[in-house]
Amino acid sequence: PTVTKIVHDAAEGAGRPDPQNVEVVARLFVAVTEDRDTVMALGRHAIAAYLNVPVYRAFHEWLGRGEQLGEMWRLWGEGDRKAALEAIPDSVVDELIIWGSAGTCREHLDAYVDAGVTTPVVALLPLMVTVGPVATAWPGAVLASMTVPATFNAGRLPPAEMSIVPATEKLMVGVFAGVAF
C-alpha cells in the first residue's frame with residue numbers, strides 16, 4: 001500500500017487524467033515450497049545479489065531496512081560473501097520472498113493485487129523437485145501444473161486444480177536465474 005499510494009500521488013502530481021488507475025508493477029519473488037531451510041538459503045542469495053546493487057540498496061534504505069541490512073552491506077563491501085549471507089535476517093527473507101504451499105503463495109500474491117498492484121511480475125525462484133525417477137527444474141514443473149487465465153495460457157499449459165497466479169488482467173512470469181558467488 002505504501003508504494004501504491006506514492007505511485008498514485010506521483011501520477012496526480014504529473015497531471016495524469018486518472019491517477020488512481022495508473023499501472024503499478026511489482027516484481028515478486030516466489031518459491032512454492034514449504035521447505036523453510038531451502039527458502040532461507042536461496043532467499044539470502046537472491047537478496048544479496050539484488051540489494052548490493054546501489055539503486056536497490058538505496059530503495060531498501062528508503063523503505064527503512066537500513067538497520068536490518070547494514071551488517072550484510074558492510075560484510076559484502078569487505079568481500080566476506082559467506083558472512084554477508086549469514087547476516088541477512090530470516091525476517092527480511094520472509095518479507096521479500098513469497099513462499100509456502102501453492103495456496104499460501106496465491107494468497108500472498110492476491111494481497112499485492114488487493115493493495116493496488118496491477119501487474120505482478122512473478123519471479124519464480126529455481127528449486128529442484130523430483131518427479132518420478134527424474135529430477136526436473138522446479139519452475140517448469142510448476143508452470144506445467146498451473147491454471148492460468150486463457151489469454152495467458154493460450155493452450156500451452158495443462159490445467160490444474162490449484163494456481164498461484166493472481167486474478168489480474170496482466171501478469172508476467174519469469175525464472176530468477178540467480179548469481180553464483
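Start by selecting His60, which is buried, with a relative accessible area of 8%. Buried here means under 20% relative accessible area, exposed means over 50%, and partly exposed is in between (1.4 Å probe, protein chains only). You're looking at a predicted model, where local features need pLDDT of at least 70, side-chain atom pairs count only at pLDDT 80 or more, and totals for chains, interfaces and linings use all residues. Residues are numbered from 1 along each chain as its sequence is written, and side-chain values use heavy atoms, with hydrogens and water left out.

His60 sits in helix α3; helices (H or I, at least four residues) and strands (E, at least two) are DSSP runs, numbered from the N terminus.

What else does His60 touch, leaving out residues up to four places away in sequence? Besides Arg65, show Leu51, Gly66, Leu69 and Leu96. Touching is a contact, with heavy atoms within 4.5 Å.

Next, pick Phe59, also in helix α3. Phe59 is partly exposed, with a relative accessible area of 35%. Select Val3, Ile6, Trp62 and Leu63 along with Phe59, and you have a nonpolar patch on the surface, about 440 Å² of accessible area together. Helices α1 (2-13) and α3 (54-62) each supply at least two of its residues. Areas come from the Shrake-Rupley method with a 1.4 Å probe; for residues, only the protein chains shown count as cover.

Time to go inside. Select Val39, Leu51, Met72, Ile88, Val93 and Ile97: they have the most contacts inside the largest nonpolar core, which has 25 residues. Such a core is a set of buried Ala, Val, Leu, Ile, Met, Phe, Trp, Tyr and Cys residues joined through side-chain atoms within 4.5 Å. Color α2 (36-51), which gives the most to this core, with 7 residues. A second, separate core of 12 residues includes Ala26, Leu28, Ile98 and Cys105.

Then center on Ile97. Not counting residues up to four places away in sequence, Ile97 touches Phe29, Ala31, Val39, Gly43 and Leu125.

Finally, zoom out: the protein has 9 helices and 6 strands, and 37% of its 181 residues count as buried.

Notes
Patches are made of residues with over 30% relative accessible area and no salt bridge: like charges are joined within 9 Å, nonpolar side chains (Val, Leu, Ile, Met, Phe, Trp, Tyr) within 5 Å. A salt bridge is a side-chain nitrogen of Lys or Arg within 4 Å of a carboxyl oxygen of Asp or Glu.
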